[in-house]
Every structure is written in C-alpha cells, then in structure tokens.
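Subject: Structure handover

Hello,

Please find the structure below, followed by notes on what was found in it.

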Amino acid sequence: MSEVNTGRHSGGWTRFVTARPRLSLLVALVITALAVVAGSGVADRLSNGGWEDPNAESTYATKALEREFPASQPNLLLLVDSGSRSVDDPAVAAEAKRLTDRLAAEEGIVGVGSYWRTGSPALRSEDSREALIAARIEGDETNAFKVLDRIAPEFRGERGALKVSIGGPVAVRSEMQNTIQEDLLRAELIALPVTLILLVMVFGSAVAALLPLGLGIVAILGTNAILRGLTELTEVSVFAQNLTTALGLGLAIDYALFIVRRFREELAVGAEVRDAVGTTLRTAGRTVLFSALTVAVSLAAMMVFPQHFLRSFAYAGIAVVLLAAAAALILLPAALMLLGHRVNALDLRKALRRRRTGSESEKKDVEPGAGWARTAALVMRRAPFFAVATATGLILLGLPFLGIKFGTADHRQLPPGADSRVVQEEIQDGFPGSPGGGLEVLAEGAATPAEYTDYRTRIAALPGVVRVDGPVPSSGGHAYFAVTPEGQAVGEGAQRLVKDIRAEPAVFDTSVTGTAAVLVDSKAAIADRLPWALAVIVLVTLLLVFLLTGSVLIPVQAVVLNALSLTAMFGATVWIFQDGHLSGLLGFTATGDIETSLPVLMFCVAFGLSMDYGVFLLSRIKEEYDRSGDHEHAVAFGLRRTGGLITAAAVILAVVMVAIGTSRVANTKMLGLGLALAVLMDAMVVRSLLVPAVMKLTGKATWWAPGPLRRFHERFGLSEGDSRPAVEGPAEPPVRDRDTAGV
C-alpha cells in the first residue's frame, strides 16, 4: 500500500471517528449500558466441562452408558456418616433407606442406588462408619446445578442419627464455578486500583491515567456480554470468563496507553488537536490494529482442537481482543478530541518536579528514554554475549517442562476445606476400590452368556486389573463391565490398561470410558491437532510480520524469540504446579500432573501477547529505519522510544494476570501467574536484551527481502505512514529538543 493511499485511508478514518465525538461517546455509553444488561447472569450459563474430545470413543461410551445405564454414571454422591455406629445397624439402615427413597422421588434424579439397596462393598467405608448413596441428575450442567441447588438444603446436614455430606462431579463443578465467580470479583477489585496507581506513575496526569482505565472497564462489561452471547451458540468454559476478562482489561489498557502516549507527544510538538488525533491513528492506531490482529490469530489456532474448552477460549478471546481494539480506535479518539490539551490536566507530579534541582548533567541523567538508550548501546556493544547468555538462560529455565505429566482436573483444584473436596477425599481415602474412578466397557451387539464370560475372563487376566464386575445387561441389547484398575485412577498403569482393553478382541463391539480413557483420548486429540495449530500460528505470524517490516529475516526472528520468551512460563508451570514447589506459599495442592489442555491454552495466549509487544517495538524500529537508513541507530531509537512504555504496559497486564492468579482454584491460579511471568519475561528480557542483540548481529541483512517479495510489500505492506520523528517521554509531555536524547 502506498503512503499516499495510506494517508487517504487514515484521513477518512480520522474524520469518521472524530466528526461527532460527543455523539460517539453517547452511543458508546448506551451500548455499554446494554452490555451490562446483556451480560447479567452469564456465570450461570458457563460450563465446567468441555475437556474431552467430543468425537472420542470414551465420549461415545459415556453418553451411551448415561442413556442405557444411568446408575453406572452417577454424578451425585451422598456421603452418609453413622457416627459411632455401624452402617449395618438396623436403625441406621432404616433411616438410610428412607433417605434413599426420598432422593429417588426427587424430580430430575435417576439411577439411585445405595449400599443399603445393593449391599455392594464398594459403597461402604472400610471402617463401616460411612456409606454412599449414588444417583444421577439428568440434563445438561445448567439443569444439574439447578437441581442440586434445590435438593441440597433438604439432604445436607444432620438427618436423624445420620450426618449427610454432598459430593460427586456435579457438586465439585458447582462449587468450583461459585469459587471462580467470587475470585473474579476480588481480582477486579485488586487490579483496577493498582492499575490506576501505575497509570498515574506512567502519565503523571490523572486525566490521562483515567482514559485507559475507563477503556478497561468498558472491556470488562463488553466481555460479559460477549460471553453471554456465545453461550447461546456453543459451550463456553467457566475458566474463559476469568482469562478473557483479564485479556480485555489488560489489552484495552495497553492499547490506550500507546495511543494516549502518542497523542500527548503530538500535542507537545505543537500539533492541533485534530491533526494530533490523525497522526496518532496513522501511527499508534495502525500498530494497535495490527497488534490486535496478531493476538487474535494466536487465539484462533485453538479452534483446530476438538475440545470445547479450547474452542470457547478461541471464540471468546478473539471477540474480546477485537472489542479492546475497537474501543481504543473509536471511543478513545473521540474522548481525546473533546479533551484536547486538557488530557495533561491534574498533573499529580508537579510538586515532585518543583523539588528537582541540580546541574545540567544531573538533568541529563533523568532525560526520558536515556536509560533505555544506554541499555541498547551496551547490549549492541556486547551483542554476542547478550544473545548467547540470554538464550541459554531462557532455555535452562524451560528445562523442567521436559518432565511434564498430563492428567485431568479433579476435586483437588478446589481449596482445602471446600465441602465437595472434603467429601471426595473421604471417599477416595476411606472406601475400597475408589468408587467412580474405574473403567467402564460398553458392549453392543448380540452375545451369549458364554461369550460374555469369556471376554470378562480375558479382561480380568490383563496386567493391572484388580476386579471386573458384570456384565450388566439392558433391555436395549447393551451390556457393560466395570473394571477396577490398580493404583491411581488416571495413573500410567490405568492408561496402559485402557489401551490393552481396547486391543482385546471380542465378538461384540466394545467401547471403553472412564477417567483414564478420557485422558488417553484427550492426549491423542491434542497430539493429532497440535502440528496444525502450530502451523497456523507460525505461518500467519510470518506473513503479518513481513507485511509490517518487509523483511524476510525479522519474521523468523520474531517466531523464534517469541517461543524463547515462553520457556520460563512452561518451566515454572511444571516446577511449581506439577512438582509442588511453593505450593504452601501459593496455597494450592499439587496433583503431580498438568491438565492436558492448559499448556495449549497458555501457549496460544502468551504467544499472542508477546507478539503484541513485539509489534510495538518493531514498528518504531521500522519507522526510524525508513527515515534514517541507519540500522543500529534505528534499533537503539526503537528501544529508547518504546522500552519504558512496553515495560509499563507489561507490568500493568501482569498486575491484571496476578490478580487472576490469586484465585483459590489451582488451574486459574496457574493460568494467571504463568501468563504474568511470560509477559514480564518477554518485555524485560526478550525485548530489552535479546531482540537488540540479535538485530545487531544480523546487521543490515535484517531488512533484506528478495525482489518479488520487496515489490509485494511495497504494494500490500503495512507501515506507520508517518516517519517524522516523534518525541519521547511517557511520564510527561516532552519537548522538541529531547527528540534524540540518549541515542
């Protein structure tokens, strides 16, 4: 795209967003109010499921068993404590049978069974003081939660001589959802005031600081409305609300930070307000749009996976990123048009500046960007050392990831003391055979009793099998076997047993499900689609960065350095959340594994965020290189002009992520803290040290492209469209004579 065309399009966009700024803000206020209404009640429509592959054998078998044998798939467990008496005591048994009958009579409850009905030893604790009533709540998760909320007060607590506690998958998921909602509100209450303080430190002006914060609040409200709309179309994970809220808030603030900064620079060199808005949109505005596109592409890669958990993050994440960019490119210019020079009002640091005294040399020490200029000069003088040392350090930090073990999320995600977790742990520790933790084999097709017996005998002989129960027939010509494996329900032995059972021939069709089978199928689905997701991210990133820079080498550098910036996050995730280091300090229970989908989610989000900061740095380097033709000067200039701002933006986004990381749910804590670490490592290590070192080593070859690609970029490429040097100084309005300070 030629510069003439670029200017014409930018001018048209400027006229569009600034023609009626008051009307624009009024419309935005109305839309925000509607978003509040539309987003109400979104939490009740979010799902805790979606971790499994909907097309997998285990998913098919689970649905068939739920339909044909509801008692085989209980999602509600009542733990009955008889106190000092045995559960076989006649008085205890009579009261427990009445309790079982009451539960069976409840609407929406099917497949009710209990120790007192079946006599199964798996439903009685080893000390004979506790026993279980198992049932299934029909319908989807939303309906199951409503039924649970209705019946829980009627069954929980003291019931005659018995004490009843409620557990099972539905109770765990319901409590997890409520905990996440409470944690999200607390995270917002933490993040917003801390963010405001940081913005005041960055801008000095209270008015300028409030603009990004206001945009962030609009993003939060818009996020809830988007999630509510998506729940009408697809299953959306409850975890998506935390992460997309953090993304919307963080990116809206980041984008506003860059736009307000550039607008103040233009005012400081004497531009009229409308011209300053136009230049800001042609430069920082275009970079914001490009940045949002790169983040959206990284999130879109999750759509290649079949799990609804990952797909819901892709749908919601893309919408929220585009919302943040739209707010920054439409609402913010309108607000800047109305404020004009008043954007610098209420400077809270005037008193501090009045106290500053000293010689001219002392004043040079605090020139905006001087520290970043010195950093760039030092790094480029010792480029081989910084490149090797930084890359080696990042690789070493990522080594713990080589020992990752994949598992499934369970009740240990909840904080110790959570009611449903206490029940699950009591069942796990006090009952034989870990009820609900075995494997089920669905048998379909005609078979004789002898053929069933032969199959059962061969399954029982497989390594790692403790017991095989069944077959249990149905009127529809189906049957199922219950297999109890040795060791942990999702351990390596149980996963091997799943594969062994599936390999065992039978005269009828068989399908295996259970926790271990779901894990095996989820790992296979992710391994099958992961190369495609990586290919999407890499190829689109290469294309977008080429369109931005016109270089063949810079896109390759961007992909490699972005990947390196994520090593610390993955290493820390395994070292802390899998292996349990710092678990006491951070307040979670280490499970010895990582949920299969989470590394994929963290990679896509963190890669997009690192590209976000990479785009801002590269765009300023490219702008200066086009103007001066001096490669080293352009690298130093770009770092000086964006280093402080990128660091401030990263710290603000990290604050938001750390606030999410205060969650009491372990997976949410891992997401928040892991992404905060990735953002800080990218901004403070990769962008500050590794990028300038590598660009120094590659020299002018950095900008090389073959003739056909160069002509393609000249016609279709993206550029800032304004190569006039702009001034530095995120903290206060700069002055013209500081343009080249410290470079």
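The axes of helix 9 (residues 238-268) and helix 24 (residues 631-661) come within 9 Å of each other and cross at roughly 155°. Helix 9 is therefore roughly antiparallel to helix 24, and the crossing is right-handed. Sorted by class, the residues of this contact are 17 nonpolar, two polar and four charged.

Some conventions before the rest. This is a predicted model, in which local features need pLDDT of at least 70 and side-chain atom pairs count only at pLDDT 80 or more, while totals for chains, interfaces and linings use all residues. Residues are numbered from 1 along each chain as its sequence is written, and side-chain values use heavy atoms, with hydrogens and water left out.

The terms are used as follows:

- Helices (H or I, at least four residues) and strands (E, at least two) are DSSP runs, numbered from the N terminus.
- Two strands pair if DSSP finds at least two bridges between them.
- Axes are lines fitted to C-alpha atoms, for helices over the stretch in contact, and angles run from 0 to 180 degrees between N-to-C directions.
- Angles under 35 degrees count as roughly parallel, over 145 as roughly antiparallel, 65 to 115 as roughly perpendicular and the rest as oblique.
- A crossing is left-handed if the near helix is turned anticlockwise from the far one by less than a right angle, and right-handed if clockwise.
- Contact means heavy atoms within 4.5 Å.
- Ala, Val, Leu, Ile, Met, Phe, Trp, Tyr, Cys and Pro count as nonpolar, Asp, Glu, Lys and Arg as charged, and the others, Gly among them, as polar.

Overall

The chain has 26 helices and eleven strands. Its C-alpha atoms fill a box of roughly 95 × 50 × 45 Å along the principal axes. For 743 residues, a compact globule would have a radius of gyration near 27 Å, and the 30 Å of the chain agrees with that. The radius is taken over C-alpha atoms, and the globule rule is 2.2 Å times the number of residues to the power 0.38.

Five strands form an open sheet in the order 2-3-1-5-4, with antiparallel pairing. Strand 2 (109-114) and strand 4 (157-159) are at the edges with a single partner strand each, so one side of each has no neighbour in the sheet. Direction ignored, neighbouring strands here are turned by 25° against each other on average.

Strand 1 (residues 76-81) runs antiparallel to strand 5 (residues 162-167), and five bridges join the two. Across this pairing, Asp 81 has Lys 163 as its bridge partner, and Leu 77 stands opposite Gly 167. Strand 5 also pairs with strand 4 over three bridges in the antiparallel sense, where Gly 157 is opposite Val 164. Strand 4 and strand 5 make a hairpin with two residues between them, and Gly 160 in the turn has a positive phi of about 65°.

Helix 6 lies across strand 1, strand 2, strand 3 (130-137), strand 4 and strand 5, at about 60° to strand 4. Helix 6 (residues 141-155) also packs with helix 4 (residues 90-104) at an angle of about 160°, the axes being 12 Å apart. That angle makes the two helices roughly antiparallel, and their crossing is right-handed. The residues in contact are Leu 99, Arg 102 and Leu 103 of helix 4 with Ile 151, Glu 154 and Phe 155 of helix 6. By class these are four nonpolar, no polar and two charged residues.

Strand 7 (residues 439-444) and strand 9 (residues 478-485) are joined by six bridges, and Ala 443 has Ala 479 as its bridge partner in strand 9.

Regards
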